[in-house]
Amino acid sequence: MTSLTPASRSARARNAFTSAPALLIASLSAVAALQTDAQAASDEISLKFDVYSGNIRLFNIALGMQVGGPRYQVNASIKSKGLVSLVAKTRISLNAKGKTAGTKLRPSAFASRTKSKGRKRNISVGWDKKLYPTAKRNYDLSKEKQNALAKVVKPGMVDPLSHMVRRITNPGGGKPCTGTERVYDGKVVGEYRYRLLTETKFGANAGGAYHGKALKCELRYRAIAGLSAAKLAKQAKQKPVFTIWYAPVAGNSGQLYVPVAADGKLSGRAFAMRLTSGSVSGKSLATRRAVAVKRNPDLEVDK
């Protein structure tokens with residue numbers, strides 16, 4: 001990592017990262033796939049990450065979820081740390097729940113709550129019988145943004161955390177970390193495009209709590225609607241790309257691929273996200289990863 005950035009630049013760093021909390025969560029959701037079926041036992045997954053820009057620790061991310069059974073639930077929190085917290089203390093909490101049936105996922109509720117610089121912004125999303133998502137906010141969106149969202153929000157579109165569950169449980173099997181999906185967080189519709197890069201080893205010199213075999217994945221993000229025309233144009237020019245590593249481990253419901261690290265840029269600023277602790281159904285990743293992983297043709301990298 002680079003040398004310590006001056007404290008006077010921490011406010012800019014905070015603004016860059018808090019403007020896109022869904023992308024931090026997306027960095028997790030992009031990297032997981034779990035082979036399971038309707039009869040498999042469920043798994044409880046607990047992960048904690050630190051997010052850095054250079055040597056400055058910006059955020060701590062805590063993620064807890066229950067997956068693999070007929071119902072799922074996910075809770076996540078993002079908290080500012082260090083110099084960023086001194087400039088503008090930020091807290092973001094997200095939660096989602098829903099049902100799974102075979103290869104189908106039916107979200108029932110999503111909520112996000114953000115508190116920064118004394119301002120609170122709350123969003124909740126619910127789904128009707130036709131799986132059309134409707135958002136409620138404690139603030140108003142401009143007519144421009146409302147009209148843009150009305151054109152692209154579709155039935156079956158899920159929130160970021162439910163999208164994570166779809167990636168983790170990987171209903172129907174197939175190659176992990178591939179495909180494209182549009183996701184709605186009640187404010188922005190974003191498109192997530194994935195590509196499996198290679199099988200590799202995540203070394204100790206890369207930082208974090210996990211070192212060992214990993215799959216390297218690419219996520220390309222594109223905002224579709226919900227931002228101003230100027231911000232959409234700026235993001236289209238920046239073309240956010242994330243690199244994610246995830247470790248093959250064994251859960252109660254089958255083989256999992258657990259995120260351990262991510263690198264990329266948000267609002268033009270580089271960040272590094274590293275796992276600080278992780279467990280699957282009460283056992284640490286270090287224990288879980290001791291289970292041998294059989295060769296899987298679905299993990300062959302696209303040429």
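Mentor: We'll take a few spots in turn, and keep in mind that this is a predicted model.

Trainee: Let's start with cysteines. How many disulfides does the count come to?
Mentor: The count comes to 1 disulfide. Cys-177 is joined to Cys-217, with an S to S distance of 1.6 Å.

Trainee: Where do Cys-177 and Cys-217 lie?
Mentor: Cys-177 is in the loop between α5 and β8 (179-184), and Cys-217 is in strand β10 (residues 212-225), so the bond ties together parts that are 40 residues apart in sequence.

Trainee: And is that pair buried or exposed?
Mentor: Cys-177 is buried, at 3% relative accessibility. Cys-217 is buried as well, with a relative accessible area of 0%.

Trainee: You mentioned α5. Which residues does helix α5 span?
Mentor: Helix α5 covers residues 160-169, and Met-164 lies in it.

Trainee: Why does Met-164 count as buried?
Mentor: Because its relative accessibility is 1%, and buried means under 20%.

Trainee: How far is Met-164 from Val-74?
Mentor: Their C-alpha atoms are separated by 8.9 Å. Along the chain, Met-164 and Val-74 are 90 residues apart.

Trainee: New topic: the surface. Which residues form the positive patch?
Mentor: Five lysines are listed: Lys-48, Lys-79, Lys-89, Lys-115 and Lys-120.

Trainee: Take Lys-48. Where is Lys-48 found?
Mentor: Lys-48 sits in strand β1, which runs over residues 43-53.

Trainee: What is the relative accessible area of Lys-48?
Mentor: The value is 40%, so Lys-48 is partly exposed. Exposed would need over 50%.

Trainee: Now backbone angles. What is phi of Leu-131?
Mentor: Phi of Leu-131 is near 65°. That is a positive value in a residue other than glycine.

Trainee: Where does Leu-131 lie?
Mentor: Leu-131 is in the loop between β6 (119-127) and β7 (133-137).

Trainee: Buried or exposed, that Leu-131?
Mentor: Leu-131 counts as buried, at 18% relative accessibility. The cut-off for buried is under 20%.

Trainee: What about phi of Lys-239?
Mentor: Phi of Lys-239 is near 50°, again a positive value in a residue other than glycine. Lys-239 is in the loop between α6 (229-238) and β11 (241-251).

Trainee: And is Lys-239 buried or exposed?
Mentor: Lys-239 is exposed, with a relative accessible area of 58%. Leu-131, by contrast, counts as buried.

Conventions: Residues are numbered from 1 along each chain as its sequence is written. This is a predicted model: local features need pLDDT of at least 70, side-chain atom pairs count only at pLDDT 80 or more; totals for chains, interfaces and linings use all residues. Side-chain values use heavy atoms; hydrogens and water are left out. Patches are made of residues with over 30% relative accessible area and no salt bridge: like charges are joined within 9 Å, nonpolar side chains (Val, Leu, Ile, Met, Phe, Trp, Tyr) within 5 Å. Accessible areas come from the Shrake-Rupley method with a 1.4 Å probe; for residues, only the protein chains shown count as cover. A salt bridge is a side-chain nitrogen of Lys or Arg within 4 Å of a carboxyl oxygen of Asp or Glu. Lys and Arg count as positive and Asp and Glu as negative; His and the chain ends are not counted. The place of a charge is taken as NZ of Lys, CZ of Arg, CG of Asp or CD of Glu. Helices (H or I, at least four residues) and strands (E, at least two) are DSSP runs, numbered from the N terminus. Buried means under 20% relative accessible area, exposed over 50%, partly exposed in between (1.4 Å probe, protein chains only). A disulfide is a pair of cysteine sulfur atoms within 2.5 Å.
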